Every structure is written in structure tokens, then in C-alpha cells.
Amino acid sequence: MRFEDLVRRHGADLYRYAFWLARDRQQAEDVVQEALLRAWGGFARLRDPAVAKGWMFSIVRNEFYRMKGRAAPLADVVSLDEIAAPRDEGMAALEMRDALMSLPASYAEPLALQVLGGFTCAEIAAMLGTTEGATMTRLTRARQALKRLVAPESAAERKGGRS
Amino acid sequence: MNCLDYRRLLLAGEGESREMQAHRAQCSACAQLAREHEQFEAGLRQGLEVPVPPAFEAALSDGMRSRRRRFLAAAAVALVAAGGGSFLALRRNDPLALACIQFVMMEEAKSIMMGAMPREEARAALAGTLPLESIERVGQVRHVGPCPFNGQTAYHVVLAVPQGKVTLLVMPDSGLASRQTASYEGLHAAVISLGRGSVGIVGAEGRVVESVAGALRART
């Protein structure tokens with residue numbers, strides 16, 4: 001596998017992952033450019049093509065935290081209860097992105113890795129330096145929060161209607 | 001497996017196991033939940049898949065002049081391919097109209113989250129360029145707010161018309177020598193001049209954009 005093939009296949013999702021880490025388009029671009037540069041430098045030493053995707057996502061993550069000037073966090077620090085519900089003015093297509101923007105990065109990041117990167121909970125746990133169980137909990141809470149934010153009424157009805 | 005286990009695993013987002021499938025087959029409530037969840041997951045993917053900006057490829061191309069020439073040349077080629085030819089789209093589209101589309105793709109949600117102007121303030125801000133009453137004759141105004149755009153303060157208007165959502169970028173200080181158009185990533189834009197300033201119109205259908213442009217021009 002050539003490095004260019006990897007970039008072609010995963011470049012868009014690496015950018016999107018960086019965007020959800022940074023919540024900023026320009027910073028996401030900078031992170032991906034620097035990450036790809038580092039990945040290219042280490043590509044010759046990569047022996048197992050099967051791990052190439054995870055390796056590149058990990059480099060993006062490390063590069064993001066390196067550029068922020070601190071180590072990647074390992075634990076949740078923000079309570080989902082602190083998130084305010086969005087105003088009722090967004091249209092459906094915008095609501096999900098708005099809701100995702102309001103999620104703390106520690107919840108949005110595993111979602112991005114799972115949905116965009118296609119990684120399993122075990123793989124995400126390894127990348128984030130946590131346990132599989134903790135990753136599943138984060139993913140579950142993230143989806144619960146999004147459902148509350150995107151469709152607060154139906155989520156409340158469901159919660160009240162079933163136990 | 002009970003309902004609680006099924007729902008917990010569903011929300012964790014891992015693929016459905018045989019055990020989960022067996023539970024769903026005999027539990028109508030969980031089967032209904034799974035159907036709703038499938039729709040939610042489609043929306044979640046859509047939300048996470050933020051557009052890759054066309055300028056990104058150009059930035060990589062600029063980087064070719066640097067000491068990282070060899071890598072960036074390879075990456076630029078790869079990303080142009082991954083971006084569905086968006087670099088070519090940059091060349092075909094008028095720049096201001098394309099910038100309007102990029103605003104909708106990248107900045108609109110943030111702009112809405114920043115909050116809307118009170119109605120009277122919006123009316124005063126738009127009065128000299130595109131009166132709020134004129135816009136309201138074309139569709140239902142869902143949001144008006146100031147936003148930095150094209151080196152000036154523009155007014156971001158979200159309009160609901162019978163065919164769907166249309167975004168306006170009212171630019172009081174941007175005159176226009178000629179009409180501009182662009183189509184990119186499934187969105188269409190037209191920028192037309194007004195008595196004073198100009199307005200960019202962005203929507204998912206070209207004919208709706210043209211129709212709104214015609215209606216706005218007729219009312220100014």
C-alpha cells in the first residue's frame with residue numbers, strides 16, 4: 001500500500017475527526033497537514049498495513065494535542081448535565097451538527113472514531129487510553145445526550161413511557 | 001438478553017450481535033426502538049460528516065513550495081481525488097458565490113448558535129439594503145443575525161420557502177459588477193446586486209435559488 005492511497009482513502013475522515021477535536025476548520029486543516037507530514041515520515045517503518053488507518057487517526061489525535069501544547073487527556077472532565085439544550089430555531093439538518101457542537105470533545109471524539117473511522121469500542125479504548133467498558137459508557141451517554149438535544153420531547157416521552 | 005441489555009448495547013453503537021437480533025425478533029418494543037435508532041444513526045453520520053473545505057487542497061498545493069515539497073505534492077493529489085474534484089469546482093465557480101456556499105457548509109450552524117437579532121434591530125439593519133418586509137413576502141424568516149463575511153459585516157438570514165430552506169447573505173457594503181453563480185457539494189448560489197449592496201442566495205435547488213433571487217430583486 002502506498003502512502004498516497006492511504007491519504008486518498010482516509011484523508012476526508014481524518015479532516016473530519018480533526019474538526020471534531022478542534023471544533024475549528026482552520027485548526028483542523030493545520031492538524032491534518034502536520035499529522036500527514038509526520039505519518040509520511042514514519043510510513044516506511046509501518047509493517048502491518050492492517051493497522052494503518054488506526055495509526056493515522058492516532059497521529060492526528062497526538063498532533064492535535066501537541067499543537068494545543070498538552071498531552072492527550074485520558075478521562076472525562078465535563079458532565080453532560082451541564083450542556084444547555086439548543087434553541088428551537090434550527091432546522092433538522094442543522095440540529096444534529098449543533099447538538100454535536102455542544103457535546104464535550106471527550107464524548108464527540110469516540111463518536112467520531114466509531115462512526116467516521118469505523119473503529120470498534122476495543123480499538124477506540126486503545127486509542128484513547130481507557131477501557132472498553134468506559135468507552136461504551138461514553139458512547140452510550142453521548143448518544144443519549146444527542147437524542148435529548150435533537151428530539152427532547154420524544155426522548156422525554158420515551159423515558160417516561162417505558163422503564 | 002433483556003430489553004435493558006439490548007438498549008444499552010444499541011446505544012453503544014456496536015454492530016448488532018446474534019443475541020441482539022434474537023431479542024429484537026421477539027420484542028416489538030425493541031424492534032420499534034431499533035428502527036428509530038437506525039434513523040438517528042443516519043442523522044448522526046450526516047452531522048459528523050462535515051464538508052472538507054475546497055481551500056484545503058489549495059493550501060496543500062501552496063505548501064509545495066516549502067521544504068516539504070515531496071510529501072505535499074503526493075498528499076495534494078490524493079486529497080483532490082478524495083474531495084471529489086472540488087479543486088476543479090473552485091475554478092468553475094464565481095468566488096463570492098462559492099464563498100456563500102462555503103459559509104452555509106461551514107459557518108451557518110455556528111452563526112445560528114450565536115443568536116438572532118431582535119426583530120426591530122434586524123429591520124433597521126436591513127432597511128437600506130433589503131428591507132425585512134420584502135424578504136418576508138418571499139418566505140418565512142427563521143433567523144437574522146450579523147456575521148463576518150467577505151471582509152465585512154453581512155446579515156445572515158435563514159428563510160423557509162415552500163420548497164425548503166434558503167440562506168441569504170445580505171451584504172450592505174459589497175457592490176457587484178456582475179451577477180455571480182456557483183454550484184458545489186449539492187448547493188447552488190447566486191449573488192445579485194441590489195440598489196445598495198448585494199445579496200447572496202444559497203439553496204439546495206438551483207431553480208429555487210433563481211426564483212428567490214428574482215422575487216427579491218423585484219421587491220427592491
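In chain B of this predicted model, strands S2(B) and S3(B) make a hairpin, with two residues sitting between them. S2(B) covers residues 152–161 and pairs with S3(B) in the antiparallel sense, over seven bridges. Within that pairing, His156(B) has Leu169(B) as its bridge partner in S3(B).

S3(B) has another neighbour in S6(B), residues 198–203; these two strands also run antiparallel, joined by six bridges. Leu169(B) turns up again here, standing opposite Gly200(B) in S6(B). As for burial, S3(B) spans residues 164–171, and seven of its eight residues are buried, so the strand is largely enclosed by the rest of the structure.

Helix H7(B) is worth a look as well. It takes in residues 95–106, twelve in total, and reaches 16 Å from first C-alpha to last, close to the 16 Å expected at 1.5 Å a residue. Nine of those twelve residues are buried, so H7(B), too, is largely enclosed by the rest of the structure. The buried set includes Leu96(B), Leu98(B), Ile101(B), Phe103(B), Val104(B) and Met105(B), along with Cys100(B) and Gln102(B).

Now for confidence in chain A. The average pLDDT is 77, and 77% of the residues score at least 70.

Definitions and conventions: Residues are numbered from 1 along each chain as its sequence is written. Chains are lettered from A and ligands numbered from 1 in the order in which they are written. This is a predicted model: local features need pLDDT of at least 70, side-chain atom pairs count only at pLDDT 80 or more; totals for chains, interfaces and linings use all residues. A residue is buried if 20 or more other C-beta atoms lie within 10 Å of its own, exposed if 12 or fewer, and partly exposed in between; C-beta atoms are placed from the backbone. Helices (H or I, at least four residues) and strands (E, at least two) are DSSP runs, numbered from the N terminus. Two strands pair if DSSP finds at least two bridges between them. The expected span of a helix is 1.5 Å times one less than its number of residues. pLDDT is the predictor's confidence in each residue, from 0 to 100.
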